[in-house]
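Me: I would like to go through a structure with you, starting from the sheet and moving on to helices, cores and backbone geometry. Could you take my questions in turn?

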Amino acid sequence: MTDTTCHMSISLDGFVAGPEQSRDDPLGKRGVELHGWHIGDPRANEADEIATGWLMRPRGAYVMGRNMFGPVRGEWDEDWRGWWGPEPPYHAPVFVLTHHAHAPIEMAGGTTFHFVTEGFDAAYAQASATAGDEGVDIAGGASVVRQALNAGVVDELTLDIAPVLLGAGERMFDGVDSFDFEPVEVLHSPLTTHIRYRKVDRVGDR
């Protein structure tokens, strides 16, 4: 089966983005404080460099929500191509969950955004078929990660737990009933604690 990963930065109180997300503030108010470990904070150390390698490792396909792709809501009434400029960092097919159909968007560097209106299961199935043994990554945001966890498809989950209390925003674990993972590696810096979890291989699941 396709190995599926997910890597998310999260606050101590469980938020992966701050409140009031917008075009000018895509991570929400103070959401950027969760990401200093990989976006240039001078306190970052070797642990953060290793975790950045985990985050950026190539995958065969990605699944993300429309909110992560961009701020456009409702019908696609503008030529939005993502937050990442002409060459997004994915370099692989990205399957975007949406309620509104959109033709695929080809970008430089091998990234093509495909828009899936049939729900998470359909998007994940398409990503798995495309990725093969190169693996799928659940890129976010919070709603898509919840759906992936509840569907039981995530094999490896990495959390970068920042010593930050956001108080409001997008919570990742609301509505997730179980956590069938165990920690296999822990690294830390002044900016975050990186915990890499793997799904528990229960005898009854074999």
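Predicted model: local features only at pLDDT ≥ 70, side-chain atom pairs only at ≥ 80, totals over all residues.

Me: What is the order of the strands in the open sheet?
Reply: The order is β5-β6-β4-β3-β7-β1-β8-β11-β10, nine strands with mixed pairing. Helices (H or I, at least four residues) and strands (E, at least two) are DSSP runs, numbered from the N terminus. Two strands pair if DSSP finds at least two bridges between them.

Me: Which are the edge strands?
Reply: They are β5 (105-106) and β10 (181-188), each of which pairs on one side only.

Me: Is β4 mostly covered or mostly open?
Reply: β4 is mostly covered, with four of its five residues buried. Buried means under 20% relative accessible area, exposed over 50%, and partly exposed in between (1.4 Å probe, protein chains only).

Me: On to the helices. Which residues of α1 are buried?
Reply: Ala 47, Asp 48, Ala 51 and Trp 54 are the buried residues of α1. They lie on the same side of α1, because they cover an arc of only 110° around the axis. The arc is that of the directions from the helix axis to the C-beta atoms.

Me: What do they pack against?
Reply: They pack against β1, β8, β10 and β11, contact being heavy atoms within 4.5 Å. The face of α1 turned away from this buried side carries the exposed residues Glu 46 and Glu 49.

Me: What about α4: which strands does it lie across?
Reply: α4 lies across β1, β3, β4, β7 and β10, and runs at about 140° to β7. Axes are lines fitted to C-alpha atoms, for helices over the stretch in contact, and angles run from 0 to 180 degrees between N-to-C directions. Its buried residues are Ala 142, Val 144, Val 145, Arg 146, Ala 148 and Leu 149. Gly 152, which follows α4, has a positive phi near 75°.

Me: Which residues touch the most other members of the largest nonpolar core?
Reply: Val 63, Phe 120, Ile 138 and Val 154 do, in a core of 30 residues. Elements that give two or more residues to this core include β1 (4-11), β3 (61-65), α3 (120-131) and β8 (156-162). Apart from it lies another core, of 15 residues, among them Tyr 62, Met 64, Trp 80 and Met 107. A nonpolar core is a set of buried Ala, Val, Leu, Ile, Met, Phe, Trp, Tyr and Cys residues joined through side-chain atoms within 4.5 Å.

Me: What is Val 154 in contact with?
Reply: Leaving aside neighbours within four places in sequence, Val 154 is in contact with Thr 4, Cys 6, Ile 138, Ala 148, Leu 149, Phe 181 and Lys 199.

Me: Gly 18 next: buried or exposed?
Reply: Gly 18 counts as buried because its relative accessibility is 1%. It is placed in the loop between β2 (15-17) and α1 (46-56). Its contacts beyond four places in sequence include Leu 27, Lys 29, Leu 166 and Glu 170.

Me: Where is a cis peptide bond found?
Reply: A cis peptide bond joins Gly 140 and Gly 141, with omega about -5°. Gly 141 is in the loop between β7 and α4.

Me: Which residues have a positive phi although they are not glycine?
Reply: Arg 30 is one of them, at about 70°, and His 91 is another, at about 55°. Arg 30 lies in the loop between β2 and α1, and His 91 in the loop between α2 (66-69) and β4. Arg 30 is partly exposed, with a relative accessible area of 41%, and His 91 is partly exposed at 43%. Most residues other than glycine have a negative phi, and most peptide bonds are trans.

Note on methods. Residues numbered from 1 in each chain as written. Heavy atoms only, no water.
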